[in-house]
Amino acid sequence: MTAHDGGTRPPQHLADLDIPARRAWMTEIGEKPMRAIQLSHHYFSHLTRDPEAMTDLPAADRGRLSAIVLPELAIPRERRVADAGATIKELLILIGGARIETVLMAYPDRVTVCVSTQAGCGMGCPFCATGQAGLVRNLTAGEIVEQVWRAARVAREGELAGGAARLSNVVFMGMGEPLANYEATVRALRAIAAEPPAGLGISARNLTVSTCGIVPGMERLAGEGMPVRLAISLHAPDDELRDTLVPVNKRFPVANVLDAARAYTEASGRRISIEYALIRDINDQEWRADLLARLLMERGQNWAHVNPIPLNDTPGTRWTASTPHTSAAFVERLRAAGIVTTIRETRGADIDGACGQLAAKEWKEHG
Ligand code: SAH
Ligand code: SF4
């Protein structure tokens, strides 16, 4: 906790707890344990916290119970719509005043939400808008789940272009470093993946955690027995450059990060995504593509795919995106070496790989 106005700890929420702990909580507040299941159904199955809808609970208790176990953890402050309605970004204010953002994106075959795990981030990557502000505070599991819950409602209500849809995917690529807030992240993953009424019932296979490469966290996640996808923000294949782009590299250098990623594929059966923001004249040389391909190939065939994304300009840095020509050449070198590579286009806010950053930049102007 810091002296920022965002330092307040939010109240406990049903989504922070597993079913046995929810039942125990009911007993603590003098309720029948089965109330935990009823309230869980309302929140996770019906996506509501409205006491009026809780007709299976005694009328006199509904409001009190909902207020205690389903406190509203995030208040929308501003909404922006982009990509002809296929992208909705929301700035949310947490209890205590910390700000985060969530981005909801409709694709032809899926609906994805990009969630934040921290307000700010302490990792200090110089090209990242979130990193510039430093860490305000960790989010609780409830606050992470609440972002997904809100997104599931927005999708269900048909607010995205394409009409009513089921939220199918969650990427932990908004503000913050998920593995620097490990406990809350894993609790949230479990609550998102669990079948209702325990959770939201979004398959663990459709959840992606993005990390700057916190090796102990990657190793721990491999032991959780959840087949979530792991994305590694590599951005450079050599320690000399990566030490400057992703400062945590000084603690966990490239070779260790790639070894831990390789081990993760063994444990989870999932291919790794390597995120690579292409920064003009900084990390976009063909020799770096060749080096990246070699480092991946040395560790096996087809265990990782690379997602280069042109840098999303951040105010206050001298860096900018690689040219389309250079980006194409970089991709070509990787493909020629046998690495599956998909370049991501930044159109509006439709950027799986950098959603937190774009919003942080835009909203800064509004204070
Ligand atoms: N902290 C985690 C997850 C949040 S950042 C991580 O670093 O992986 C999500 C992704 O956006 C990361 O791959 C990050 O490196 C990338 N990113 C950050 N700033 C960016 C920018 N200005 N342009 C493109 N990608 C960026
Ligand atoms: Fe934090 Fe990820 Fe941004 Fe680095 S890129 S500062 S780890 S949010």
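Threonine 117 is found in the loop between strand S4 (111–114) and strand S5 (118–120). The model described here is a predicted one. In this model threonine 117 has a relative accessibility of 1% and therefore counts as buried, since the cut-off for that class is under 20%. Once neighbours within four places in sequence are left aside, threonine 117 is in contact with Asn138, Leu139, Ile144, Phe172, Met175, Gly176, Glu177, Pro178, Asn181 and Thr185.

One of these contacts, Ile144, belongs to helix H5. Isoleucine 144 is buried, and its relative accessible area is 0%. With neighbours up to four places away again set aside, the residues in contact with isoleucine 144 are Val115, Ser116, Thr117, Leu139, Phe172, Asn181, Ala184, Thr185 and Ala188. The C-alpha atom of isoleucine 144 is 34 Å from that of isoleucine 282, a residue 138 places away along the chain.

Across the whole structure, three cavities of 30 Å³ or more are found. The second largest cavity holds about 80 Å³. Its lining consists of Ile88, Lys89, Glu90, Leu92, Thr102, Val103, Leu104, Gln147, Arg150, Ala151 and Val154. Two or more lining residues come from each of strand S2 (87–94), strand S3 (99–106) and helix H5 (141–156).

Strand S9 (residues 229–233) is largely enclosed by the rest of the structure, because four of its five residues are buried.

Glutamate 275, which is found in strand S10, counts as buried at 5% relative accessibility. In sequence, glutamate 275 and arginine 344 are 69 residues apart, while their C-alpha atoms are 9.9 Å apart in space.

Tyrosine 276 has proline 308 in S11 as its bridge partner. Together with helix H10 (residues 286–298), S10 and S11 make a right-handed β-α-β unit. In a regular strand the side chains alternate between the two faces of the sheet. In S11 both faces are covered: Ala304, Val306, Pro308 and Pro310 are buried on one side, and His305, Asn307 and Ile309 are buried on the other. Thus seven of the seven residues of strand S11 (residues 304–310) are buried.

Elsewhere, arginine 35 lies in helix H2 (residues 34–45). Its relative accessibility is 8%, so arginine 35 counts as buried. The side chains of arginine 35 and glutamine 38 are joined by a polar contact of 2.8 Å. Not counting residues up to four places away in sequence, arginine 35 touches Met26, Asp56, Leu57, Pro58 and Leu65.

Some backbone angles remain to be described. Most residues other than glycine have a negative phi, and most peptide bonds are trans. Alanine 84 is not a glycine, yet has a positive phi of about 50°. This alanine 84 lies in the loop between strand S1 (74–82) and S2, and counts as exposed at 79% relative accessibility. Histidine 235, also a residue other than glycine, has a positive phi near 65°. The position of histidine 235 is in the loop between S9 and helix H8 (239–245). At 7% relative accessibility, histidine 235 counts as buried, whereas alanine 84 counts as exposed. The peptide bond from proline 196 to proline 197 is cis, and its omega is near 10°. Proline 197 is located in the loop between helix H6 (182–193) and S8.

Key: Residues numbered from 1 in each chain as written. Chains lettered and ligands numbered in written order. Predicted model: local features only at pLDDT ≥ 70, side-chain atom pairs only at ≥ 80, totals over all residues. Heavy atoms only, no water. Buried < 20%, exposed > 50% of the residue type's maximum accessible area, 1.4 Å probe, protein only. Polar contact = N/O pair within 3.5 Å; in protein donor to acceptor, adjacent residues only side chain to side chain. Contact = heavy atoms within 4.5 Å. Pairing = 2+ DSSP bridges. Right-handed = clockwise from strand over helix to strand, strands pointing away. 1 Å grid on protein atoms, 1.4 Å probe; cavity = no way out; pocket = protein on both sides within 12 Å on 5 of 7 lines; lining within 4 Å. Points joined across faces, edges and corners; volume = space filled by probe spheres on them.
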